[in-house]
Amino acid sequence: MDIKSKEFRKQAHQFVDWMADYMDNVEDYPVKSQVLPKEIYNQIEDNIPSQGEDIETIFDDFKKIIMPGITHWQSPNFFAYFPANTSPPSILAEMLTATLGVQGMKWDTSPASTELEERMTEWFKNALGIPKNWTGVIQDSASSATLASILTAREQKSHYKINQEGFKGFTNFRVYCSEETHSSIEKGTKIAGIGKENVIKIKTDNVLRMRPDLLLQSIKQDIENGYQPLCIIAAIGTTGTTAIDPLNEIAEIAEKFNIWLHVDAAYAGSVLLLPEYQNLIKGIEKADSFVFNPHKWLFTNFDCSIYFVKDKNALVNTFEVLPEYLKTNTDGMVSNHCDWGIPLGRRFRSLKLWFVMRYYGLEELQNKLRYHIELAKWLENEIVKSTNFKLVVPRNINLVCFHFKPQGFSDIEELNKINEVLLQKLNDTGKIYLTHTKVKGTYTLRMSIGQTNVNQNHIKEAWKLITNKAMEII
Ligand SMILES: *Cc1c(COP(=O)(O)O)cnc(C)c1O
């Protein structure tokens with residue numbers, strides 16, 4: 001009972017109608033799903049149905065069972081974590097990608113997938129200010145890109161011996177990042193066989209930037225103690241607070257000691273499209289690799305992470321394998337992206353980027369990013385003006401980190417408790433969704449403003465809700 005194209009056409013149109021309605025009505029749903037654990041699970045059958053069912057039935061169950069368990073990442077009232085925003089051109093392109101069902105592992109398996117990817121990474125290289133002699137490739141996630149970077153550093157440093165022989169004689173690597181860097185660094189280091197005890201977390205300054213003086217001290221001490229500094233990871237926009245590590249100073253240290261330097265700009269990388277933020281990556285030419293996620297704050301469906309590397313050959317030498325069944329007669333003439341990262345199979349991700357970039361154009365994208373930053377500035381200003389709320393760290397870009405600090409309250413434990421309660425109350429309303437972090441012991445509410453359709457009204461309403469709910473607590 002395969003679906004005939006005629007049926008498919010009808011169903012697809014119904015789906016598209018549903019999709020368009022969803023976009024129009026996304027604000028009517030509670031932003032954060034309000035279901036309890038196992039509520040969805042218990043509604044799903046125990047086993048694969050023995051007989052096929054029709055799409056209408058499945059679609060009805062999708063609406064009835066699945067939708068209540070959805071947290072609406074595309075709601076303009078979603079301020080949690082970081083955005084994973086999408087846009088109509090991206091969704092349309094994803095429909096085409098799904099239809100083609102292409103595996104872009106080798107050039108031969110779909111030349112357009114490889115070559116459009118080459119072009120898209122060049123577009124971004126130019127637009128973001130990545131050095132001309134670097135090469136880009138699309139990875140599924142920043143976590144994979146960072147793992148690829150650590151593995152490449154490891155192989156380059158060991159002259160590709162670890163790939164060959166295992167860790168014989170290489171048991172003393174060190175990886176450096178700040179206390180604030182993303183968990184993917186620790187994960188990558190574990191997977192790379194270096195060991196999490198060899199991740200050295202450098203203390204940060206009062207605005208949570210890595211302290212280069214302490215980095216230098218750690219490196220010198222490690223060398224004295226017989227360790228081999230392998231890799232430094234600098235964050236341009238940490239996940240907690242979008243702190244910006246001082247790249248240029250870190251890059252000078254990396255260069256002096258010949259240490260691989262990876263730049264994690266997974267979230268904040270988008271802002272480099274704005275010339276006024278180019279100073280954030282001063283020193284990038286001294287680094288070795290860079291990652292940024294268009295799937296966060298650039299209107300492109302998850303997943304799509306762009307990884308740039310200075311020495312393309314080091315990357316390919318780290319990952320290349322060529323079993324008989326993968327040999328083609330274009331090998332050596334073209335890029336085979338399966339050799340540029342971990343998985344063999346690869347989705348045709350460049351298509352959605354091409355659609356999004358062409359649909360908006362650089363200027364409109366820049367306008368959208370600047371608008372989000374303006375909204376964050378407005379909120380920051382309200383917080384600064386208020387007597388009962390305080391910024392926990394100054395705003396960087398479009399994330400505002402603050403806490404409720406009513407007059408007369410100063411005990412940090414008590415304040416932390418109050419803010420935890422406030423966050424819970426806010427998210428329970430279903431009207432907005434925020435998450436938190438801890439900044440040097442202070443429970444901090446994070447409001448990240450980067451949804452495709454967010455506007456001034458959403459921010460005003462959110463702020464009103466936050467102040468009202470806060471007053472209910474004390
Ligand atoms: C989101 C984020 C990551 C992880 O990104 P994935 O693509 O989900 O792996 C890594 N680093 C930073 C700074 C991030 O913000």
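This is a predicted model: local features need pLDDT of at least 70, side-chain atom pairs count only at pLDDT 80 or more; totals for chains, interfaces and linings use all residues.
Trainee: Which residues come nearest the ligand?
Mentor: The shell around the ligand divides into 4 nonpolar, 8 polar and 2 charged residues. Of the 14 residues around the ligand, those that come nearest are Ala142, Ser143, Asp264, Asn293 and Lys296.

Trainee: How many Å from an oxygen atom of the ligand is the polar side-chain atom of serine 143?
Mentor: A polar contact is a pair of N or O atoms within 3.5 Å. A polar backbone atom of alanine 142 is 2.8 Å from an oxygen atom of the ligand, and a polar side-chain atom of histidine 295 lies 3.3 Å from an oxygen atom of the ligand. For the polar side-chain atom of serine 143, the distance to an oxygen atom of the ligand is 2.5 Å.

Trainee: What percentage of the area that the ligand exposes when taken alone does the protein bury?
Mentor: Taken alone, the ligand exposes 390 Å². Of that area, the protein buries 88%.

Trainee: Which helix gives the most to the lining of the largest pocket?
Mentor: The largest pocket has a volume of about 1100 Å³. Helices H1 (5–25), H2 (55–66), H3 (88–100) and H12 (350–385) each supply at least two residues of its lining. The most, 9 residues, comes from H1.

Trainee: How many nonpolar residues does the lining of the largest pocket have?
Mentor: The largest pocket is lined by 34 residues, with Trp18, Met19, Met23, Ile91 and Met95 nearest its centre. By class, 11 lining residues are polar and 2 are charged, while the nonpolar ones number 21.

How values were computed
Residues are numbered from 1 along each chain as its sequence is written. Side-chain values use heavy atoms; hydrogens and water are left out. On a 1 Å grid over the protein atoms alone, a cavity is a set of points where a 1.4 Å probe fits but cannot get out, and a pocket is an open set with protein on both sides within 12 Å along at least five of seven lines; lining residues have an atom within 4 Å of a point. Grid points are joined across faces, edges and corners, and a volume is the space filled by probe spheres set on the points. Helices (H or I, at least four residues) and strands (E, at least two) are DSSP runs, numbered from the N terminus. Ala, Val, Leu, Ile, Met, Phe, Trp, Tyr, Cys and Pro count as nonpolar, Asp, Glu, Lys and Arg as charged, and the others, Gly among them, as polar. A residue is near a molecule or strand if one of its heavy atoms lies within 4 Å of it. A polar contact is a pair of N or O atoms within 3.5 Å; within protein, one must be able to donate a hydrogen and the other to accept it, and residues adjacent in sequence count only if both atoms are side-chain atoms. Accessible areas come from the Shrake-Rupley method with a 1.4 Å probe; for residues, only the protein chains shown count as cover.
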